[in-house]
Amino acid sequence: MERLKEAGTTRDPVAWAASGSRTPNEEERRESGTAPPTAVLGEEADGANADGLWELPVEREERRPECSRCSRPQKVCLCPFLPLHPLHISTYLYIIQHPAEESKVLRTVPLLAACLPQDKCQVKIGRRFSEERDPELSALCRKSGTLILYPGDEAANLEEFILDSLVYPSTIIIIDGTWSQAKDIFYKNSLFRLPKQTLLRPLQALCSFQLQHGAQIRLSKEHLLKNGLYPKPMPKNKRKLRKMELLMNSVKI
C-alpha cells in the first residue's frame, strides 16, 4: 500500500510539462482565480523589452559640410563657376520662395543670391501674405516700377515692356517653386496681382526647345473641364465639386 501511495504522489514528467511547468504556488493561485492571465504576462514582457530599446544609444546623422556661399555640399561646390565678384544690376530682385523649396538640395536661389549684391536681392519664405502682416511687401507691390515674373494671360514680354514703358522697372518679384506651387501663391495672394505681369523671352525659348525635343504638352485641368475631356469622374465631395465648378467658370481659386 505504501508503494502505491508513493507511486500516486510521484509527478509524471510528461504531464507536468504539458501543464505549463507551473509550480505548486502557481497552481494554487490559478485554482483560486488570482493568477494573472498568460496574455497579460506576455504584454508585460514585450513592454519591458520595448523599454530597453529607449536606453540604446542613438547615432546622430551628420550632415555633409556645406559651402557658406552657394549652400551646396563642399564636394560639389559650384563657386568656381560663379562670378568672383557680385554682378552690378540696377533692378532689385524680391524672391518669394515656397517653404518646400527651402529644404531642397538642388535649390537655385542661393546660387542667384551669391551672384548679386546683398542689397539687390531679398528672399522671403512663405505661402500666404497680407497687407497687415507684410507691409513692406504690400508697399512694394503698389509701386509703379514693380513687376512680377509670372506667365499669366496678361503677361507681357519684359523686353517689349521696357521699350514701351516710360518707367524702368525698379523691382522684379520672382516666385520660386514648382508650377503648381507658384500658381497657388500667385492666385491666393491678391498682392501679387497688383504689379504688371511679365514674361522673359528665354523662358519662351526654353519651352519651345523642350517641345521640339520630345516634351509633351500637358493641358490644364481648367481646359479639360471646359472641353469635356476630363478623364476622371467628378468628385462627390461638395467642397471638391464646388472647386471644379469654379475652375470651369474661369474663377481663379
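Is Arg64 buried or exposed in this structure? With a relative accessibility of 55%, Arg64 counts as exposed, because the cut-off for that class is over 50%. The model discussed in this report is a predicted one.

## The surroundings of Arg64

Arg64 belongs to the loop that runs between helix H4 (38-54) and strand S1 (92-97). Along the chain, Arg64 and Gln74 are separated by 10 residues, and their C-alpha atoms are 7.7 Å apart in space.

## The sheet

The structure holds an open sheet of 6 strands, with parallel pairing. Read across the sheet, the strands follow the order S2-S1-S5-S3-S6-S4. The edges are formed by strand S2 (121-125) and strand S4 (156-157). Each of these two has a single partner strand, so one side of S2 and one side of S4 have no neighbour in the sheet.

Strand S5 (residues 171-176) may be examined through its pairings. S1 and S5 run parallel and are joined by 6 bridges; in this pairing, Ile95 has Ile174 of S5 as its bridge partner. Strand S3 (residues 146-149) also pairs with S5 in the parallel sense, here over 4 bridges. Within S5, Ile173 stands opposite Ile148, and Ile174 is the bridge partner of Leu149.

In S6, Gln197 stands opposite Ile148. Ile148 therefore has a residue opposite it in S5, namely Ile173, and another in S6, namely Gln197, in keeping with the pairing rule.

How many of the 6 residues of S5 are buried? The number is 5, and S5 is therefore largely enclosed by the rest of the structure. In the order of the strands, S5 stands between S1 and S3.

## Salt bridges

The structure contains 6 salt bridges. One of them joins the side chains of Arg128 and Asp184, with a distance of 3.1 Å from N to O. This pair links distant parts of the chain, for the two residues are 56 residues apart. Arg128 is in the loop between S2 and helix H7 (135-141), whereas Asp184 is in helix H9 (residues 179-187). The two partners also fall into separate classes of accessibility: Arg128 is partly exposed at 33%, while Asp184 is buried at 18%.

Asp184 also meets the side chain of Lys188 in a salt bridge, at 3.4 Å from N to O. Lys188 counts as partly exposed, with a relative accessibility of 42%. Through shared partners, salt bridges join Arg127, Arg128, Asp184 and Lys188 into one network.

Another salt bridge is formed by Arg142 and Glu131, whose closest N and O atoms are 2.3 Å apart. Arg142 lies in the loop between H7 and S3, and Glu131 lies in the loop between S2 and H7, so the pair ties together parts that are 11 residues apart in sequence. Arg142 is exposed, at 52% relative accessibility, and Glu131 is partly exposed, at 39%.

## Patches on the surface

Which residues gather in a patch of positive charge on the surface? They are Lys221, Lys232, Arg239, Lys240 and Lys243. Helix H12 (residues 238-248) supplies the largest share of this patch, with 3 residues. Arg239 has its place in helix H12 and is exposed, with a relative accessible area of 70%.

A nonpolar patch is also present on the surface, formed by Leu211, Ile217, Leu219 and Leu229. Together these residues have about 400 Å² of accessible area. One of them, Leu219, lies in the loop between helix H10 (201-212) and helix H11 (221-226). Leu219 has a relative accessible area of 45% and is therefore partly exposed.

Notes
Residues are numbered from 1 along each chain as its sequence is written. This is a predicted model: local features need pLDDT of at least 70, side-chain atom pairs count only at pLDDT 80 or more; totals for chains, interfaces and linings use all residues. Side-chain values use heavy atoms; hydrogens and water are left out. Patches are made of residues with over 30% relative accessible area and no salt bridge: like charges are joined within 9 Å, nonpolar side chains (Val, Leu, Ile, Met, Phe, Trp, Tyr) within 5 Å. Accessible areas come from the Shrake-Rupley method with a 1.4 Å probe; for residues, only the protein chains shown count as cover. A salt bridge is a side-chain nitrogen of Lys or Arg within 4 Å of a carboxyl oxygen of Asp or Glu. Lys and Arg count as positive and Asp and Glu as negative; His and the chain ends are not counted. The place of a charge is taken as NZ of Lys, CZ of Arg, CG of Asp or CD of Glu. Buried means under 20% relative accessible area, exposed over 50%, partly exposed in between (1.4 Å probe, protein chains only).
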